[in-house]
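The tour goes from one selection to the next.

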Amino acid sequence: MDEQKENHSVEEKQEELEERVENELISALNRKDKEAVLKLVEDSHPIDLAYALEEASDSDIVFLATILPDQQMAEIIEQADDELQVRIMKLFDLNKIIRIFQHMSKDDIVDILGDMPANRRKELVKLMKSSDQEVIRNLLGYGESTAGGIMTTEYISMRSSLTVSQALEKVKEIAPKTEEINILYVLNEKKQLVGTVSLRELLVAKNYDTLQDIMEDNVISVEPEADQEDVARLVSKYDLHAIPVVNKRKGMLGIITVDDIIDVIEEENTEDMLKMGGVSKEEDVDSTVLESVKLRLPWLLINLVTAFLASSVVSLFEDTISQVVALAAAMPIVAGMGGNAGTQTLAVVVRGIALGDIKLHGNGLRILRGITVGFINGLVNGIIAGAVIVWMNHNLALGLIILVAMICNLMIAALVGFLVPVVLKAMNYDPAVASSIFITTFTDVCGFFIFLGLAKMFLPYLLQ
């Protein structure tokens, strides 16, 4: 309880800070108070300023850019979300953007360029230095959700034959221009990645040692086509600060830093959560009515079709329901509990797939365990539900039927909740894509069929 209060207090303080920065910045920009703006920028974190700018007008953003050094403006833009980045870039001329880009890492530049219209993107690339053009074009060639698409080319690599003292001199020379200096990447004479040396190891080593003497040669790396989710899993598993990206010949292409991995994890978790509910990742709380309708309606239409399927099962037992009206009140209990149990299993399985804990084969024991859990949960909930039904309707047979139906449906829910995402993964579909809709439909159909089927079989006992 104390920990929850502490966390709540931290969140409240952060919200108060964001609100204060936003109010003060917007007010200072509206007044065109240069000194107040500069002082606030100096005292605030770039990400808080980026949040505040979401509420600023275009003219206020232009005013801010005229009084801030390009480097500070670059720091704010790097922290802004995609929509705000595009909006800001539309306000600046090409030369201003190029000056700001000079203070940003290549991977962040590529992310911004990727959201720009093709013509403007080409014009900007043409204005860059020839060496930067080649890097940017290479990065733009990789898919947005691949290792190549999120890597940066700003890292320190050195030949394995260099001594520690030589390497330290190079670090001092290169460090101001690169994004990651905690890890040195060691290359052989063929420019292949053969090891890594941490800055700490470099500082404590003897000056005459070579990098080959002190390097760690068991390097975890990925190829540029690797999916960003797989990369995030590797970084988490091996507790890496950065992971190198290499080609098939082990030539060094770039690195992916832990801050980018955190963004990937947040993005993938959000995407999975939304897809499980049949909502697109492109939608947020500020989406327009038309955008939300376009993104949600297809899944709701699918849900409507599956709802008719469940309804058709109920219609098969109209005669039975008409003779025992209490069935109409009891059957949603069985179906609803099955849907909830299936969604619980689904959440655990999707997370297991994302973490790499669940493969496509060898899941017999996990399925058996899940069915056992479903049996126990069904038994407990069935006893409670059955007792309530008997008390309300004074009918022991109806209570026993709901007990058996609850056990069967929760066992089915556990089985389907496991199999649906695994089958989707085997078919190369995202296992989180609206799985809950299909699982809920399946448990509704099975729940209605089992409950009403048992009621029809034991109808004479229900009519006593």
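This is a predicted model: local features need pLDDT of at least 70, side-chain atom pairs count only at pLDDT 80 or more; totals for chains, interfaces and linings use all residues.

**Stop 1: a loop between strands.** Select Lys191, which sits in the loop between strand S2 (183–187) and strand S3 (193–198). Its phi is positive, near 65°, and Lys191 is not a glycine. Most residues other than glycine have a negative phi. Is Lys191 buried or exposed? With a relative accessible area of 59%, Lys191 is exposed, because the cut-off for exposed is over 50%.

**Stop 2: a loop between helices.** Go to Lys32, in the loop between helix H1 (2–31) and helix H2 (34–43). Lys32 also has a positive phi, near 55°. Its relative accessibility is 41%, so Lys32 counts as partly exposed.

**Stop 3: the domains.** Colour three ranges separately: the domain assignment gives domain 1 (1–138), domain 2 (153–275) and domain 3 (287–461). The C-alpha centres of domain 2 and domain 3 are 48 Å apart.

**Stop 4: the nonpolar cores.** Select Val37, Leu53, Ile77, Phe101, Leu113 and Ile256, the residues that touch the most other members of the largest nonpolar core, which has 56 residues. Domain 1 and domain 2 both contribute residues to this core, so it lies between them. Now centre on Ile256: leaving aside residues up to four places away in sequence, its contacts include Ala147, Met151, Val231 and Ile261. Apart from this core lies another, of 31 residues, including Ala341, Ile402, Ala413 and Leu459.

**Stop 5: the annotated regions.** An unreviewed UniProt entry annotates residues 297–317, 323–350, 371–392, 398–424 and 436–459 as "transmembrane region". Select 323–350: this stretch is 93% helix and 0% strand, with end C-alpha atoms 43 Å apart. Residues 398–424 are 100% helix and 0% strand, and there the end C-alpha atoms are 38 Å apart.

**Stop 6: helix H20.** Select residues 364–393, which form H20. How far apart should the ends of this helix be? At 1.5 Å a residue, its 30 residues should span 44 Å, and the end C-alpha atoms are 41 Å apart, which agrees. Within H20, show the buried residues: Gly374, Gly378, Gly382, Ala385, Gly386 and Ile389. An α-helix has 3.6 residues a turn, so residues three or four places apart point the same way. End the tour on His394, which follows H20 and has a positive phi, near 55°.

Methods. Residues are numbered from 1 along each chain as its sequence is written. Side-chain values use heavy atoms; hydrogens and water are left out. Helices (H or I, at least four residues) and strands (E, at least two) are DSSP runs, numbered from the N terminus. The expected span of a helix is 1.5 Å times one less than its number of residues. Buried means under 20% relative accessible area, exposed over 50%, partly exposed in between (1.4 Å probe, protein chains only). UniProt positions are given in the numbering used here, feature names are shortened, and annotations may be inferred rather than shown by experiment. Domain bounds come from an automatic or database domain assignment. A nonpolar core is a set of buried Ala, Val, Leu, Ile, Met, Phe, Trp, Tyr and Cys residues joined through side-chain atoms within 4.5 Å. Contact means heavy atoms within 4.5 Å.
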